[in-house]
Amino acid sequence: MRAGTSRDEFADAVTQALFSLRTSEGSLAILNVDIDRFSTLNDTHGFDAGDEVLFAVADRLSVIVSPAGRISRVGPDEFALLCKLDAPNGTVTELVDRINRLFNRPIETARASIRITISVGAAVVNRDQSAGIDPMTLIRQAESAMQEARRSGRSQFVNYEQSIMEQAVSRYRTEQELRAALQNDKLDVHYQPIINLHSGAIVGLEALARWNHPSWGTVSPGVFIPVAEESGLIDQLGDVVLRNATAQAQRWSTTPLGQSVMTVNLSNRQLLDPHLISRIRDALDEYEIEPGLLCLEITESVVMSDVALSMAVLGGLKDLGVCLAIDDFGTGYSSLSYLRRLPVDILKIDRSFVQSIYNRDDRIITKAIIDLAHTLGMTTVAEGVENRLQVEVLHALECDMAQGFLLHHPVAADEIDMSSIDFSATPMQGPRVTAASVAPVPPPSAGASNGYAPIRT
Ligand code: C2E
Ligand code: MG
Ligand code: MG
């Protein structure tokens, strides 16, 4: 086995190995091994320990690679392995099992004993295929399989399949088109009102990115937001949405929406942006928006994926005076002790709970979330309200606010209907649910003038 450091050397080795495969039995596997959350490891244990881990990982991996194989470091925390497999295609899973077993025991560094997990992507080629594939394609296949493994969470293994490459190509096209759309200012922002369940008034507006492609038509944020995150375009996209939203808040300041809170989504990657806080401060200053009238939403899974980082960034944002919300709450795995320490004002209850609120168990969970939020001094917003029965149940469960197609669709700024919703004038359908069976909730603490977010004491 030879150890190298560069991608070029690795590509040369793959070229050679593919050539040799034409006249030999078995198959060839390229494996990309990425250390999960290496940056967190560096932050927690320091760069020296990080370096020690990298050496140890290279050392352990080299055991797997035969003398004719190769191991190369191809990224800060990523290694590429070239391995010969004896049975065609069959043994890559066994190989990955062996690799994973290498990390069953912790790595002993000078200061700490560190456990790591890895994500592995593999591409396998047999003798019949060896003439029809070029080395760079094979290397890219292993890389994209590894990216797919990382996307699926920690400790994952993905073996390359054609569909992954097709997805990668389509993601690449989406990225190119999104880049052009951002450059040419072709992204729009729509706003979805958030309604106070007691008064029926609009108390907030969630800014949602919209992309209408000239030939593809409307592209869903579910498609382009992940592409923006992976490609790094999310910083630019986030800035476009933030600036549009704050500019719009300024235009609305003299209308009945003047006291509503403008809500903007932040993605995982934006939390890592060292300029995030200054970007937000600049937007608030430029459009003369009171910080308390801007709310930033971060999904529960993002918050919990790196609590230390989230705590630091949320603390910095809170110092600006903005309101903070946890989005899609209930879908992740929140640690209650962390939740208590996060400077968050609002819990947005995920749509899935609202959809199944007719189910007694889900109603009990929803009530527990609402009570938990209130006990922690937070306000609750139910997401995805689509019918009147859901409004009635949420009201009975003492949920504070709601958002959903029943109340108002996300629309362009000039299409917002500013009038309050008169719940009493729209008799509910279905069985009545009363608040009698639910525990009393302490009165909310003092809050923003429209009651959107309590000020935590
Ligand atoms: P989210 O932040 O949870 O936004 C709410 C989503 O639910 C929106 O989807 C909205 O159109 C949809 N929705 C609202 N009411 C209902 C309803 O009654 N029923 C159903 N089925 N859906 C409803 P959208 O606009 O497709 O956005 C999806 C997600 O994309 C957002 O979820 C958010 O995570 C992300 N996103 C959208 N715009 C941005 C942005 O500017 N920046 C970032 N980082 N993420 C964004
Ligand atoms: Mg949101
Ligand atoms: Mg949400």
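## Buried and exposed

A residue counts as buried when its relative accessible area is under 20%, as exposed when the value is over 50%, and as partly exposed in between. By this rule E383, with a relative accessible area of 11%, is buried, because 11% is under 20%. E383 returns below as a ligand of one of the metal ions, the magnesium ion (ligand 3).

## The model as a whole

The structure is a predicted model. The protein has 457 residues, and 50% of them count as buried. Its secondary structure comes to 16 helices and 17 strands.

Contacts can also be sorted by how far apart the partners are in sequence. Among contacts between residues at least 6 apart in sequence, 71% join residues that are at least 24 apart.

## The site of the magnesium ion (ligand 2)

Which residues coordinate the magnesium ion (ligand 2)? The donors come from E206 (OE), N265 (OD1), E297 (OE) and D327 (OD), at 1.9 to 2.2 Å. Along the chain these donors follow the spacing E-x58-N-x31-E-x29-D. N265 belongs to strand β12 (residues 261–265) and E297 to strand β13 (residues 294–299), so this pair ties together parts that are 32 residues apart in sequence.

The two residues of this pair also have their own accessibility values. N265 has a relative accessible area of 26% and is partly exposed. E297, at 1% relative accessibility, counts as buried.

## The site of the magnesium ion (ligand 3)

The spacing of its donors along the chain is D-D-x54-E. D328 lies in strand β14 (residues 323–329), while E383 lies in the loop between β16 (379–382) and α16 (388–396), so the pair ties together parts that are 55 residues apart in sequence.

Is D328 buried or partly exposed? With a relative accessibility of 24%, D328 counts as partly exposed, whereas E383 is buried at 11%.

How far apart are the magnesium ion (ligand 2) and the magnesium ion (ligand 3)? They lie 3.9 Å apart, and D327 bridges them. In other words, D327 coordinates both ions.

Most residues other than glycine have a negative phi. D328, in strand β14, has a phi near 55°, which is a positive value in a residue other than glycine.

R37 also has a positive phi, near 50°. R37 sits in the loop between β2 (27–35) and α2 (38–45). With a relative accessible area of 35%, R37 is partly exposed.

## Helices α8 and α10

Helix α8 (residues 234–252) packs with helix α10 (residues 276–286) at an angle of about 25°, and the axes of the two helices are 9 Å apart. That angle makes α8 roughly parallel to α10, because angles under 35 degrees count as roughly parallel. The crossing of α8 past α10 is right-handed.

What do the two helices bring to the contact? From α8 come D235, D239, L242, R243, T246 and Q250, and these meet R279, I280, A283 and E286 in α10. The residues of the contact divide into 3 nonpolar, 2 polar and 5 charged.

## Residues apart in sequence

Between their C-alpha atoms the distance is 9.9 Å, while L272 and D235 are 37 residues apart in sequence. L272 has its place in helix α9 (residues 268–272). It is exposed, with a relative accessible area of 54%.

A second pair is G69 and V14. They are 55 residues apart along the chain, and their C-alpha atoms are separated by 9.1 Å. G69 is found in the loop between α3 (47–62) and β3 (70–75). At 8% relative accessibility, G69 counts as buried.

Notes. Residues numbered from 1 in each chain as written. Chains lettered and ligands numbered in written order. Predicted model: local features only at pLDDT ≥ 70, side-chain atom pairs only at ≥ 80, totals over all residues. Heavy atoms only, no water. Donors = N, O, S within 2.8 Å, 3.2 Å for Na, K, Ca; no water. Helix = DSSP H or I, 4+ residues; strand = E, 2+ residues; numbered from the N terminus. Buried < 20%, exposed > 50% of the residue type's maximum accessible area, 1.4 Å probe, protein only. Axes fitted to C-alpha atoms, helices over the stretch in contact; angles between N-to-C directions. Parallel < 35°, antiparallel > 145°, perpendicular 65-115°, else oblique. Left-handed = near helix turned anticlockwise from the far one by under 90°. Contact = heavy atoms within 4.5 Å. Nonpolar A, V, L, I, M, F, W, Y, C, P; charged D, E, K, R; others polar.
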